[in-house]
Amino acid sequence: MKRTLEMTRVNANWGEFYKKDISEKLPFFTKEGRLYDCLFAQQFNRRLLTHLFKTADALRDITQNKEGMDYAGGLLSHIRAMLYFVQPSTRTFLSFLNACHILGIRTSEIRDTSTSSEVKGESPEDTVRTFSSYVDMIIMRHPTPGFVEKTAWLMNRTDRPVPIINGGSGKDQHPTQALLDTYTLYRSFNGDMDNKKIVMVGDLKRGRTVRSLTYLMRNFKNISLVFVSPEQFRMEPDILEFLKRHNMPFMETADFMSVMGEADAIYMTRIQDEHDNAGESKKVDYSPFHFKAEHLKLIKKTCVIMHPLPRRHEIEVTVDEDPRAVFWRQERNGMWARAALMAYIFDVDKKIKY
Ligand code: CP
């Protein structure tokens, strides 16, 4: 009874916190002026992004030989991390795992609640608190919107807080995907991030990567966004409001061919049918939202074609051979960007000189 009452009080406090404006929440996830829990794309500013990109570049340079690899592997060899990924993942999981190993972080993992004591009725909240008894950081992907944020909020109220990194949370956000996407743009454009037109294509309503990437684009000057989607899967109003509030130009269309020629970057996404309630994806003809080999002649010579992956049919496989297709580089960039982020969170980024 006492425990139930206590949980009710905690959940009521959480409910109040969850409703707050992001600007009020951010200080709670920062320590000594430094990002501590990485939960939202809005936590990154241009200065931090540039620093992380330069750190990632330096880290990949340093680690080209054994001596450099040994140096990087000593930076965080005193740290242990938990990877709690209870929603399917290939590249986010593997890139974080390998980023940890590059920095010397030792790792544990749970990838399915059926192998944890959650199957015996332990709450997800108690489960993640248990991790903090053993490790110094939790990297997590969870299907419940807001749960990654709730974990950070809960941990910060305990006597053993550990940084929480969001590796994808419900339909809300995927901030480190946006970090690696922006790092890919930064490398593709040789650091010149301003004055770009970014075309995002696909299921924009339910894709968390496009939400987080839109937030990050606010950090650059004169960025215009074009959202190309079926009518049923248009970008959510809260993101459009965000763009209006920050005077960022955008347009919405279902006519992909009419806008692809103006794009500096085309960001393709797959249909997110895991979020279907009544088979709504099956009612949509998604083929007008595919990038085909015949489109290569219609886009700029400098345009980059991106995709957070995994793909289904959104990009024809023959497109992979075109030098403007950067999605395979994009997923590898994720490992370096995530390593740079963790080096920053644990304050060893200054040991990676650029
Ligand atoms: N982009 C991305 O999140 O891929 P995974 O689902 O494979 O991690």
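I count a residue as near a molecule if one of its heavy atoms lies within 4 Å of it. Before starting, I noted that this is a predicted model, where local features need pLDDT of at least 70 and side-chain atom pairs count only at pLDDT 80 or more, while totals for chains, interfaces and linings use all residues. Residues are numbered from 1 along each chain as its sequence is written, and side-chain values use heavy atoms, with hydrogens and water left out.

**Entry 1: the ligand**

Which residues are around the ligand? I found Ser 89, Thr 90, Arg 91, Thr 92, Arg 141, His 174, Gln 177, Pro 308 and Leu 309.

Next I looked up polar contacts (pairs of N or O atoms within 3.5 Å). A ligand oxygen is 2.9 Å from an N or O atom in the side chain of Arg 141. A ligand nitrogen is 3.0 Å from an N or O atom in the Gln 177 side chain. Taken alone, the ligand exposes 260 Å², and the protein buries 91% of that (areas by the Shrake-Rupley method with a 1.4 Å probe).

**Entry 2: the largest pocket**

A pocket here is an open set of points on a 1 Å grid over the protein atoms alone, where a 1.4 Å probe fits, with protein on both sides within 12 Å along at least five of seven lines; lining residues have an atom within 4 Å of a point. Its volume is the space filled by probe spheres set on the points.

I read off about 680 Å³ for the largest pocket. Its lining has 26 residues, and Ile 22, Phe 40, Gln 42, Gln 173 and Tyr 215 lie nearest the centre. Helix H7 (147–155) and strand S6 (164–169) are among the elements that give two or more residues to this lining. (Helices are DSSP runs of H or I with at least four residues, strands runs of E with at least two.)

Why does the largest pocket lie between the domains? Domain 1 (5–173 + 333–351) and domain 2 (175–273 + 285–330) both give residues to the lining, so the pocket lies between them.

**Entry 3: the second largest pocket**

This one has a volume of about 460 Å³. I found 23 lining residues, with Arg 141, Arg 208, Arg 270, Glu 274 and Pro 310 nearest the centre. Helix H5 (91–102) and H9 each supply at least two of the lining residues. Domains 1 and 2 both contribute to the lining, so the second largest pocket also lies between them.

Most peptide bonds are trans, and most residues other than glycine have a negative phi. The bond from Leu 309 to Pro 310 is cis, with omega near 5 degrees. Pro 310 sits in the loop between strand S11 (304–306) and helix H12 (327–345).

Asn 195 has a positive phi of about 60 degrees, in the loop between helix H8 (175–188) and strand S7 (197–201). Asn 222 has a positive phi of about 55 degrees, in the loop between H9 and strand S8 (224–228).

Key
Domains from an automatic or database assignment. Polar contact = N/O pair within 3.5 Å; in protein donor to acceptor, adjacent residues only side chain to side chain.
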